[in-house]
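Let's take a walk through this model together, from the whole chain down to single residues.

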Amino acid sequence: MTAPGSLLVSWEAEGRRLAPLLDGLCAVVIAANDPSIAVSVAIGVARAQGQRRRVTIADLIGESPAIESQLTGDDPHGITDSFLYGVSLNKIARPMQGIDNVFLMPSGTEPVDHHEVYANDRWRRLAAGFHQVGALLIVVARPQVPGFAELCSYLGALMPVGAPAFPTPPGIPLIAPPPPPPAAVAEPAEAPKRESKARARQAAQETSESRTRTLIVVLILLAAAIVAVGAFWPQLSARLPAPIAAFFTRTAPAPDSAAIVVPPTPMDSVPVVDSLRRDSLGNLIPSDSATAGLADSTNAAMLAAPLLPVANPADSAAASRYAVYFATANTRAGAMPDPKVRTLEAVALSPVMEGSEQWYRVTVGAAAARADAEALLARLRTEKVIGSGSIVSVPFAFRIETKVTTNLVPTRLAALAARGIIGYALRQDDGSATIYTGAYESPLQATALADSLRAAGVAPVLVYRTGRAF
């Protein structure tokens with residue numbers, strides 16, 4: 001049996017076929033009674049649309065296997081962590097494997113299929129942000145979850161796929177998939193031999209009489225069924241599920257399922273207060289409505305911004321990706337490591353965007369094996385250099401200089417510090433050192449430091465950082 005949300009190759013191909021229907025849209029809900037069908041169609045649409053613009057798929061199915069298998073990195077945060085606890089959307093959106101132009105937003109660490117997430121007004125603001133930058137937001141959802149109608153109204157369009165059909169929310173523009181091309185017409189069979197005229201008349205008369213008798217029986221049964229349903233309708237309607245009962249009792253006509261692509265309804269830019277969000281340390285901090293609205297628009301714009309190229313993609317497997325998370329502050333001066341911390345190995349000061357605000361994160365160490373990073377964390381705790389700390393995966397950094405001899409490393413780092421660049425050195429296999437600055441989870445996250453380096457007259461070269469700490 002197929003797990004809910006698993007990839008179905010035939011339906012992914014169907015998504016590729018339907019992708020042109022979304023050319024005029026920037027946000028859409030794709031839904032089906034079978035979650036695997038909805039997810040497969042969404043991935044097919046994203047692969048096709050991603051060839052010409054930025055696309056993000058949001059998983060409201062709940063840990064969809066087809067989406068989880070395409071995620072890069074091991075960060076468990078997702079939509080619930082962002083909507084309920086304030087984790088930045090830029091943190092949870094990760095590139096899809098093998099496709100630079102498609103991002104995935106997993107469901108997160110808590111159940112996602114409930115009203116608090118589906119009917120969250122942040123979808124309206126997020127869709128508006130995608131509309132501003134011309135990107136495409138695809139939300140894969142379950143039509144049976146409370147809040148599905150509100151979700152569709154916030155995004156402005158719904159593409160129902162698969163069979164059997166489910167009741168669609170009234171007033172929501174539908175994107176109706178056109179039927180597939182007709183199959184090839186088979187060669188006509190050889191015409192049967194003609195019977196005699198007398199036999200043909202007799203057969204026609206028998207057929208007519210048989211049809212008349214069948215029609216009378218069907219009409220009698222239909223009339224009896226109508227009378228029975230009318231008599232017991234109050235009891236029957238009370239037992240029906242709410243969506244089905246609403247479908248039979250509504251008076252407004254359903255949207256035309258054969259309609260062509262309809263432009264999304266205008267997005268209401270008035271933000272609604274988000275009660276809490278988290279900083280990079282995971283602490284809950286207040287978020288006013290203006291900040292929340294700006295954050296969603298900023299997040300959408302960053303998701304649609306061009307990715308920084310990675311200069312050494314072949315080194316991804318050997319990257320020194322593991323580090324110890326040390327601290328975060330909302331000012332550069334507050335995050336600046338003290339002299340004792342600066343003596344530690346591979347100390348990186350990295351500006352990161354949390355919503356609409358810039359924070360400064362400090363990490364220590366650079367190891368290709370997680371066990372080495374855990375050993376460093378244990379030592380720092382024993383020496384009381386750090387209170388708690390955690391292991392983070394930050395494989396990306398900006399390369400400043402290569403082939404630096406060991407005796408020149410302190411001089412090079414001091415020169416960079418004089419220009420306001422906090423660098424660190426990693427020893428390479430040939431004995432030389434490579435100097436880096438920053439440590440990031442993804443190329444998208446590194447954008448803020450790239451701008452600062454350009455302002456300082458340094459060309460940003462984003463790489464997988466390699467080597468071991470001194």
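What share of the contacts in the chain with a separation of 6 or more comes from residues 24 or more positions apart? The figure is 74%, where contact means heavy atoms within 4.5 Å. Before going further, please note that this is a predicted model, in which local features need pLDDT of at least 70 and side-chain atom pairs count only at pLDDT 80 or more, while totals for chains, interfaces and linings use all residues. Residues are numbered from 1 along each chain as its sequence is written, and side-chain values use heavy atoms, with hydrogens and water left out.

The chain has 470 residues, and 45% of them count as buried; buried means under 20% relative accessible area, exposed over 50%, and partly exposed in between, with a 1.4 Å probe and protein chains only. Its secondary structure comes to 16 helices and 17 strands. These are DSSP runs numbered from the N terminus, with at least four residues for helices (H or I) and at least two for strands (E).

Let's begin with a sheet. Strands of a sheet pair through backbone hydrogen bonds, either parallel or antiparallel. Here, 6 strands form an open sheet in the order S3-S4-S2-S5-S1-S6, and the pairing is mixed. Two strands are said to pair if DSSP finds at least two bridges between them. At the edges lie S3 (94-96) and S6 (158-160), each of which pairs on one side only. From one strand to the next, the twist averages 30°.

Two packed helices are described by the angle between their axes and the distance between the axes. H1 (residues 9-18) and H2 (residues 35-49) pack at about 45°, with their axes 7 Å apart. The two helices are therefore oblique to each other. For such labels, angles under 35 degrees count as roughly parallel, over 145 as roughly antiparallel, 65 to 115 as roughly perpendicular and the rest as oblique. The crossing of H1 and H2 is right-handed, a term used if the near helix is turned clockwise from the far one by less than a right angle, with left-handed used if anticlockwise. On the H1 side, the contact is made by Trp11, Glu12, Gly15 and Arg16; H2 brings residues including Ile37, Ser40, Val41 and Gly44. By class, the residues of this contact divide into 6 nonpolar, 3 polar and 3 charged. In this scheme Ala, Val, Leu, Ile, Met, Phe, Trp, Tyr, Cys and Pro count as nonpolar, Asp, Glu, Lys and Arg as charged, and the others, Gly among them, as polar.

Now find another helix pair, H7 (residues 122-133) and H8 (residues 148-155), whose axes are 8 Å apart at an angle of about 25°. That makes H7 roughly parallel to H8. This crossing is right-handed. Trp123, Arg124 and Ala127 in H7 meet Leu151, Tyr154 and Leu155 in H8, a contact with 5 nonpolar, no polar and 1 charged residues.

S14 (residues 423-427) pairs with S17 over 2 bridges, and Arg427 has Arg468 of S17 as its bridge partner.

Finally, visit a few loops. Between S6 and H9 (197-239) you will find Pro164, joined to Ala163 by a cis peptide bond with omega of about 0°. Glu63, in the loop between S2 and H3 (65-68), has a positive phi of about 50° although it is not a glycine. At 52% relative accessibility, Glu63 counts as exposed. Lys384, in the loop between H14 (370-382) and S12 (390-393), also has a positive phi, near 60°. Lys384 is exposed, with a relative accessible area of 71%.

Key. Axes are lines fitted to C-alpha atoms, for helices over the stretch in contact, and angles run from 0 to 180 degrees between N-to-C directions.
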